[in-house]
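Please look over the sequence and the model shown here, beginning with the overall fold and then turning to a single strand and its surroundings.

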Amino acid sequence: MKKLLWVLFALCLLIPAACGGHQNAQGEAAGRRAPVITAEGGQPAGAGVPDVPPPGPEPEAPAASCQEAARAAYRAVLEDIYTEHKFPDGVDHGYEEPLSADANQFALFDVDQDGREELIVTYTSTPLYAGRIAFVLDYDEAAGAVRMEFSNFPLLTFYDNGVIQAGWSHNQGRAGDSLWPYTFWRYDAETDAYTAGEDVDAWDKSLVEEGFPDSVDADGDGVVYYIMPYGSYDTSQPVDGPAYQQWRDAFVGGAQALQLPYAALNAENIERVK
């Protein structure tokens, strides 16, 4: 009988020790009392406030940390361009003294609408007009590096559906003020880059009348359009205004042009990128 009593006494000592430090189903740690909240949001009479609150979920890493890393990388790119004329595509685009202090610009903005801001740079301090360049750069968090999403002549309109209208460096001569030729580009979320859509140019009869395709100009406004595969410049199949507008709506539709907060590419503005 005495032996049995000693066994029971030993078990009573062991049981509390086995639960120490573990959380029960109500979220209480052994040796601690969790507060009991009433329907009115208070505590029942006589209930004390625990000296140590029950453990909660691990705090999430601040979202700002990724942005800080991205901005540090963007600032390094801007410093390379500004101080050394070193470009992110590895190409020497040349340099000549700009006509104004605001000639070269940059902006931080989510132009592709993927939830992260990109660095947009327009660089016009080049010896040749056609050599002017614009970049859209994204920060790859996994690689810890900046990557190129897009580069082109800096006559760009960004839309809020991820489309870029990229004007060519030169007008071919027959469109005049009726249309500046351009290419549509679409953002591809899978590749995190832009892909070329199609090119468009036009012919304004008031500039060059000889050979104008009057049979195509059904609306009689004296302008026809050439919608071409990217890079082909095929003018064999002109279309009239309504067909051009339908094609354009397939890219832009009801999208709105984005207004980017451009700043001059200078030391003072680069220092603000933090």
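Two strands are taken to pair if DSSP finds at least two bridges between them. By that criterion, β2 and strand β3 (residues 133–140) in this predicted model pair in the antiparallel sense over five bridges, and V121 has F135 as its bridge partner in β3.

Among contacts between residues at least 6 apart in sequence, 50% join residues at least 24 apart.

Within this setting, β2 is mostly covered, six of its six residues being buried. In a regular strand the side chains alternate between the two faces of the sheet. Both faces of β2 are covered, with E118, I120 and T122 buried on one side and L119, V121 and Y123 buried on the other.

L119, which lies in strand β2 (residues 118–123), counts as buried because its relative accessibility is 0%, the cut-off for that class being under 20%. Leaving aside residues up to four places away in sequence, L119 touches Y74, V77, L78, F106, A107, L108, F135, V136 and L137. The C-alpha atoms of L119 and V146 are 9.4 Å apart in space, while the two residues are 27 residues apart in sequence.

Conventions:
Residues are numbered from 1 along each chain as its sequence is written. This is a predicted model: local features need pLDDT of at least 70, side-chain atom pairs count only at pLDDT 80 or more; totals for chains, interfaces and linings use all residues. Side-chain values use heavy atoms; hydrogens and water are left out. Contact means heavy atoms within 4.5 Å. Helices (H or I, at least four residues) and strands (E, at least two) are DSSP runs, numbered from the N terminus. Buried means under 20% relative accessible area, exposed over 50%, partly exposed in between (1.4 Å probe, protein chains only).
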